[in-house]
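Subject: Handing over the model, with notes on what was found

Dear colleague,

I am passing this structure on to you, and I would be glad if you kept it open while you read. My notes come after it.

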Amino acid sequence: MAEAITLKYEVSPDDFTRAGEASSDVKNKLKQLGFQPAVVRKVSIALYEGEINMVIHARGGVITVEVSPDFIRMELADVGPGIPDIELAMKEGYSTAPDEIRSLGFGAGMGLSNMKKYTDKMDIQTELGVGTTITMVVNVT
Amino acid sequence: MTLEDARRVLGARVLVGGERLDQEVGTVCGSDMMSDVLAFSKDHSILLTGLCNPQVIRTAEMLDIICIIFVRGKKPDDKTLEMAGDAGLVIMETGHRMFSACGMLYEAGLRGGAI
Ligand SMILES: Nc1ncnc2c1ncn2[C@@H]1O[C@H](COP(=O)(O)OP(=O)(O)OP(=O)(O)O)[C@@H](O)[C@H]1O
Ligand SMILES: [Mg+2]
């Protein structure tokens, strides 16, 4: 691919069963475009963790993915409650997810640190009562 | 070992992807917590789980897991199975519980992989 492309997805707030549709679509597109499996895997895992967070902790939101030959840049913007203490939220094992989310298989407090692990750059902008925007970059080398 | 060998060991029933059972199996993981699977799975080819919702399929898809085996006779609904087919996954179901199913596959030579 010579030119950058931008993919945009609305993430529905109240349908847990549909969470992950955006990540799945991005994964398929990156595969079709011929990105290395290791790059596709990093993007897929990080984006899926972020998409699930948007559904269970915020009220859905918008995912924008910029795909260029050298890097994949993901932006996840929600208008949820915001994160009061980012350092605490990043800690493995810290979760505010209720039991009902745990019974669905999530809420171990591993997502944000996993997103950091699988990406080359991650930035969190958040304001209480306003929302959270997470930006992640995976380099293609 | 292939998926068909693993199927035979567990006496499992194939729900989706019966034509893809000749794939080689690397390592296996067993968990009901998708958060942990996402955080700790490296290159597993089979996920054993008792959790039965669409996010199990999505989690496997994101991690390039090729087969999900539902334990304790759990069976996802048709829509979830359809999603698994679209993602190219093999889905099986066994009546064994998690501990026994893991033990049987381990005894047959499969391992959990690097930690
Ligand atoms: N988009 C968000 N809006 C508001 N709060 C968030 C958001 N994302 C994460 N959080 C907060 O940060 C905590 C930690 O998030 P993290 O993804 O690491 O764990 P989790 O989602 O609770 O569990 P897991 O990801 O293991 O399923 C969450 O429990 C929640 O309190
Ligand atoms: Mg999370």
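Predicted model: local features only at pLDDT ≥ 70, side-chain atom pairs only at ≥ 80, totals over all residues.

Residues are numbered from 1 along each chain as its sequence is written, chains are lettered from A and ligands numbered from 1 in the order in which they are written, and side-chain values use heavy atoms, with hydrogens and water left out.

The ligand site

Around ligand 1 there are 19 residues, and the closest are A:His57, A:Ser95, A:Thr96, A:Gly107 and B:Ser35; a residue counts as near when one of its heavy atoms lies within 4 Å. Because the surrounding residues come from chains A and B, the site is shared between chains. The shell divides into 7 nonpolar, 10 polar and 2 charged residues, where Ala, Val, Leu, Ile, Met, Phe, Trp, Tyr, Cys and Pro count as nonpolar, Asp, Glu, Lys and Arg as charged, and the others, Gly among them, as polar.

A polar side-chain atom of B:Ser35 lies 2.5 Å from an oxygen atom of ligand 1, a polar backbone atom of A:Gly107 is 2.7 Å from a ligand oxygen, and for an N or O atom in the side chain of A:Asn53 the distance is 2.9 Å. Of the 600 Å² of accessible area that ligand 1 has on its own, the protein covers 96% (by the Shrake-Rupley method with a 1.4 Å probe; for residues, only the protein chains shown count as cover). The elements that give two or more residues to the shell around ligand 1 are helix H2 (37-56) and helix H5 (111-118) of chain A; helices (H or I, at least four residues) and strands (E, at least two) are DSSP runs, numbered from the N terminus.

A helix of chain B and what follows it

How many residues of helix H3 (residues 54-62) of chain B are buried? In this mostly covered helix, 9 of its 9 residues are buried, where buried means under 20% relative accessible area, exposed over 50%, and partly exposed in between (1.4 Å probe, protein chains only). B:Asn53 caps the N-terminal end of H3(B), with a side-chain oxygen 2.9 Å from the backbone nitrogen of B:Gln55.

H3(B) is followed by B:Asp64, which has a positive phi of about 60° although it is not a glycine. Most residues other than glycine have a negative phi. B:Asp64 is in the loop between H3 and strand E4 (67-70) of chain B, and B:Asp64 is partly exposed, with a relative accessible area of 37%. B:Arg72, in the loop between E4 and helix H4 (78-86) of chain B, has a positive phi of about 55° and is partly exposed at 37%.

Two further residues

B:Thr94 lies in the loop between strand E5 (90-93) and helix H5 (98-107) of chain B and is buried, with a relative accessible area of 1%. A polar atom of the side chain of B:Thr94 lies 3.3 Å from the backbone oxygen of B:Leu10. A:Glu100, in helix H4 (residues 99-102) of chain A, counts as exposed because its relative accessibility is 56%.

With best wishes

Conventions
Polar contact = N/O pair within 3.5 Å; in protein donor to acceptor, adjacent residues only side chain to side chain.
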